[in-house]
Amino acid sequence: LDFDIKLSQNPTPQQERERILANPGWGQHFTDHMITIRYSADRGWHDARLEPYGPITLDPATQVFHYAQEIFEGTKAYAQADGSIVTFRPYSNAARFNRSARRMAMPEIPEELFVRSLELLVSTDRDWVPRTEGYSLYLRPFMFATSRALGVQRPSQEYLFMVIASPSGLYYPQGIKPVTVWISTDYTRAAPGGTGEAKCGGNYAASFAGQAEALEHGCDQVVWLDAAERRWVEEVGSMNLMFVYGSGPDARILTPALTGTLLPGVTRDSLLKLAPDLGIPVEEGKISIDQWEADCASGKITEVFGCGTAAIISPVGGVKGPGREWKIGDGEPGPISMRLREELIGIQYGTRPDPYGWVHKI
Ligand code: COI
């Protein structure tokens with residue numbers, strides 16, 4: 001499939017772009033171009049384009065507006081010290097995108113085409129990749145149902161795949177200061193057999209009420225417990241969770257296993273591979289909310305952090321729920337969290353060796 005390329009006639013002036021890149025915030029600014037590729041049941045993938053970034057027009061009866069058949073990915077492009085631009089494990093995102101597609105009865109996109117879309121957009125808009133360490137160009141591939149039909153007897157017969165790019169600074173305005181989390185009592189994120197392990201927009205739509213509950217209780221993020229027993233810790237906000245037991249050479253990591261209701265994070269997977277190389281054993285298992293509290297009280301748990309592409313590693317400093325509250329650590333990010341963060345960022349920015357070949361040059 002060849003891309004039809006149409007470059008923007010009025011790209012953002014250099015001065016304006018540099019002003020944005022100096023302080024990009026998160027997910028607020030977009031580059032000059034975007035990718036669109038169409039799918040229909042009879043033609044398959046077709047009409048691949050790189051075109052100027054801008055609004056799209058859709059019929060009010062377009063399926064996605066009504067039944068939310070939509071999935072997305074998040075990945076980043078980094079400027080390395082030697083000037084090269086790279087992405088991180090893009091084939092992992094492609095594979096997860098297709099797993100999400102299967103769950104949502106949407107067509108899979110060839111992994112090569114997915115990765116080529118990222119490459120084409122990043123190379124066209126390479127001047128938008130921030131040079132500041134810790135900043136990156138966030139890439140947002142997504143796909144949604146475009147049939148003009150209100151029936152729910154069958155999934156959409158047409159889809160639009162797109163990629164947009166957004167220069168990004170730190171995800172949380174407070175930087176890597178530990179966040180406090182609220183144990184939601186009213187809401188759960190994902191039930192067995194549901195869509196919890198798919199990266200579909202609907203999961204995030206359903207999370208806003210829980211997030212609002214957390215804010216009302218003076219917390220930054222919500223902790224999601226399993227839907228069946230309301231007991232097992234699954235995720236925090238839009239991140240996977242890791243628990244550090246012990247410290248120094250005795251430190252080890254426990255993270256909730258992928259039971260089908262958790263999002264299989266690429267950052268999670270990367271840390272599970274990197275930690276043992278640094279002498280930190282990892283275990284995928286189960287941890288209940290009561291165990292979390294007890295193991296903090298006894299000092300067994302020394303650090304807790306959320307991990308994801310957007311925030312990288314985000315330490316958790318305190319937990320609150322109805323009638324309970326406890327702290328983790330001393331309000332500063334813990335040494336294991338910071339060590340892992342440095343290692344991962346080092347690979348992404350090319351200042352450390354890349355033993356698993358995760359870095360993908362554009
Ligand atoms: C993450 O990268 O951690 C995410 O879940 C992306 C978020 C902005 C939806």
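**The shell around the ligand**

Now display the surrounding residues by name: Gly74, Tyr204, Ser238, Met239, Gly308, Thr309, Ala310 and Ala311. A residue is near a molecule if its C-beta atom, placed from the backbone, lies within 6 Å of it.

The model is predicted: local features need pLDDT of at least 70, side-chain atom pairs count only at pLDDT 80 or more, and totals for chains, interfaces and linings use all residues. Residue numbers start from 1 along each chain as its sequence is written.

**Lys199**

Select Lys199 next. The unreviewed UniProt entry annotates Lys199 as "modified residue: N6-(pyridoxal phosphate)lysine"; such annotations may be inferred rather than shown by experiment, and their positions follow the numbering used here, with feature names shortened. Lys199 lies in the loop between β9 (179–183) and α5 (201–205). Helices (H or I, at least four residues) and strands (E, at least two) are DSSP runs, numbered from the N terminus.

Is Lys199 buried or exposed? Lys199 is buried, because 25 other C-beta atoms lie within 10 Å. The cut-offs are 20 or more other C-beta atoms within 10 Å of its own for a buried residue, 12 or fewer for an exposed one, and partly exposed in between, with C-beta atoms placed from the backbone. Leaving out residues up to four places away in sequence, Lys199 touches Ile71, Phe72, Glu73, Arg96, Ser100 and Leu263. Two residues are in contact if their C-beta atoms, placed from the backbone, lie within 7 Å.

Move to Gly44, which is in strand β3 (residues 44–52). Gly44 counts as exposed because it has 11 C-beta neighbours inside 10 Å.

**The whole chain**

Of the 362 residues, 40% are buried. Among contacts between residues at least 6 apart in sequence, 72% join residues at least 24 apart.

Colour the chain by pLDDT, the predictor's confidence in each residue, from 0 to 100. The average is 96, and 99% of the residues score at least 70. For the complex, the predictor gives an ipTM of 0.93 and a pTM of 0.96.
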